[in-house]
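Please study the sequence and the structure before reading each solution.

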Amino acid sequence: MKKKLISLAVAGVLAAPMVVSAQGTNVTLFGSVQAEYATVNKDGQSSQALIGDDTGRSRMGMHVTENLGGGLKAKAHVEYGFSTGSGALGVARERWVALANDSWGEVKFGRVQSPFKDFAGGMTIDPFAYTTLQAAGSGGTMTASANGLGSGAQSFVNSAVRYDSPRVEGFSFAGILMPGDSNRLDPANIIPGSDTFQGSASNSGGEDGEWDFQVAGKYEAQVAGHNLGAFGGYSRDNISTRQRTNLGLNNNEHVWRGGLMWGFQNFKLSGQYERVSNAVGAATCSNAAALGNPGTGSLDSRSHCNSAMNLGGDGHLWFASGQYDWGNTSIIAQGGMSDANATATALKHEVSTFTVGLIHNLSKRSSLFGGYQRGMVDDKAANPLRDHNTYSVGMRHNF
């Protein structure tokens with residue numbers, strides 16, 4: 001009998017979230033593990049199939065909260081990603097410290113997420129975010145600006161300070177500032193010892209003492225059983241002296257975003273529109289914007305940058321999603337379009353996509369998902385982009 005009681009106690013501990021508390025400090029271990037079988041078929045190349053986690057959903061980390069008194073809290077967060085399809089550990093994700101108070105909000109310092117990614121629109125309105133069927137990289141939900149490298153599911157903002165306000169009468173907002181030389185933390189930014197040019201060696205903006213920044217706000221309310229929401233934001237990514245000299249760029253990147261959300265009973269609708277001017281970093285085809293090699297993050301034959309603008313060019317994107325919840329299963333249909341204007345060195349291209357699929361919740365922590373995505377490219381003869389078909393089925397467990 002005693003052995004059975006001990007076994008039940010151990011099982012109960014393992015089933016609960018791993019939280020350790022000591023003298024007002026809570027330490028929570030958390031994570032998510034995902035694997036999907038996804039086939040990407042591009043016109044003109046053989047089918048590319050993989051079992052793994054292209055979009056970098058799998059992660060584990062530690063979140064620390066300490067009560068300082070008077071409603072003030074100190075926080076720390078460390079998070080790393082890994083690939084379920086290979087032995088690679090992947091790249092580091094969020095890493096920050098913060099001060100928070102329910103009355104005035106939260107301020108983070110370190111490597112954080114962009115508000116365009118996790119606060120106002122972006123991946124928050126895409127049910128297939130962090131799967132091969134996600135809209136980022138294939139028509140909408142861009143996440144600018146992250147030191148010039150801020151588009152896609154796996155991107156985070158280096159050397160930044162971020163503020164998130166409390167929600168007041170349905171309104172809330174978030175903002176982020178990135179010091180001008182933060183792109184020096186980019187591992188690709190290597191200046192040879194013989195180079196006399198003082199500046200960034202990579203295709204990243206925000207140098208020479210200028211600050212990249214992003215602001216976003218949203219309003220949420222419930223009216224007669226209807227869940228209503230509206231959001232908007234602005235992002236600026238500065239160009240550097242080296243980009244002016246070597247790439248011939250003259251203007252900073254600007255991204256404007258606006259969108260709406262509506263929900264009633266089992267139905268949900270959402271959509272957003274983005275206008276991009278003078279694409280520099282986040283809006284161009286960075287590795288983070290596409291499905292890259294899950295071990296290295298580099299582009300490979302499965303990658304596509306359909307939502308990218310031409311370097312130094314303008315364009316716009318839109319995205320719309322509809323969802324119906326039938327018991328534990330969500331039925332999803334969504335689509336989008338990106339329109340990149342021509343520049344002196346690149347031709348105009350337009351890409352449209354639609355996606356259909358299901359998400360079935362086995363429990364609060366485990367789910368199955370699957371679906372189909374079609375991407376259609378105009379001006380295929382003049383651009384490297386190609387039509388593609390993506391099929392995916394996968395499983396996710398959060399802990």
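## Exercises on an aromatic cluster

In this predicted model, Phe213 has a relative accessible area of 22% and is therefore partly exposed.

**Exercise 1.** Classify Tyr234 as buried, partly exposed or exposed.

*Solution.* Step 1: the relative accessibility of Tyr234 is 19%. Step 2: buried means under 20%. Step 3: Tyr234 therefore counts as buried.

**Exercise 2.** Determine how the rings of Phe213 and Tyr234 are arranged.

*Solution.* Step 1: the ring centres lie 5.6 Å apart, and pairing requires centres within 6.5 Å. Step 2: the planes meet at 55°, so the pair is tilted. Step 3: Phe213 belongs to strand E10 and Tyr234 to strand E11, with 21 residues separating them, and the pair thus links distant parts of the chain.

**Exercise 3.** State which residues make up the aromatic cluster that contains Tyr234.

*Solution.* Step 1: Tyr234 also pairs with Trp256, at 5.5 Å centre to centre and with 45° between the planes, in a tilted arrangement. Step 2: Trp256 is in strand E12, so this pair ties together parts that are 22 residues apart in sequence. Step 3: Phe213, Tyr234 and Trp256 form one aromatic cluster. Step 4: Trp256 has 41% relative accessibility and so counts as partly exposed.

**Exercise 4.** Identify the residue that lies over the face of Phe119, and describe the place of Phe119 in the nonpolar core.

*Solution.* Step 1: Lys218 lies over this face, 4.4 Å from the ring centre. Step 2: the largest nonpolar core has 16 residues, and Phe119 is among those that touch the most other members.

Note on methods
Residues numbered from 1 in each chain as written. Predicted model: local features only at pLDDT ≥ 70, side-chain atom pairs only at ≥ 80, totals over all residues. Heavy atoms only, no water. Core = buried A, V, L, I, M, F, W, Y, C linked by side-chain atoms within 4.5 Å. Buried < 20%, exposed > 50% of the residue type's maximum accessible area, 1.4 Å probe, protein only. Phe/Tyr/Trp six-rings, centres within 6.5 Å; stacked < 30°, edge-to-face > 60°. Helix = DSSP H or I, 4+ residues; strand = E, 2+ residues; numbered from the N terminus. Lys NZ or Arg CZ within 6 Å of the ring centre and 35° of its normal.
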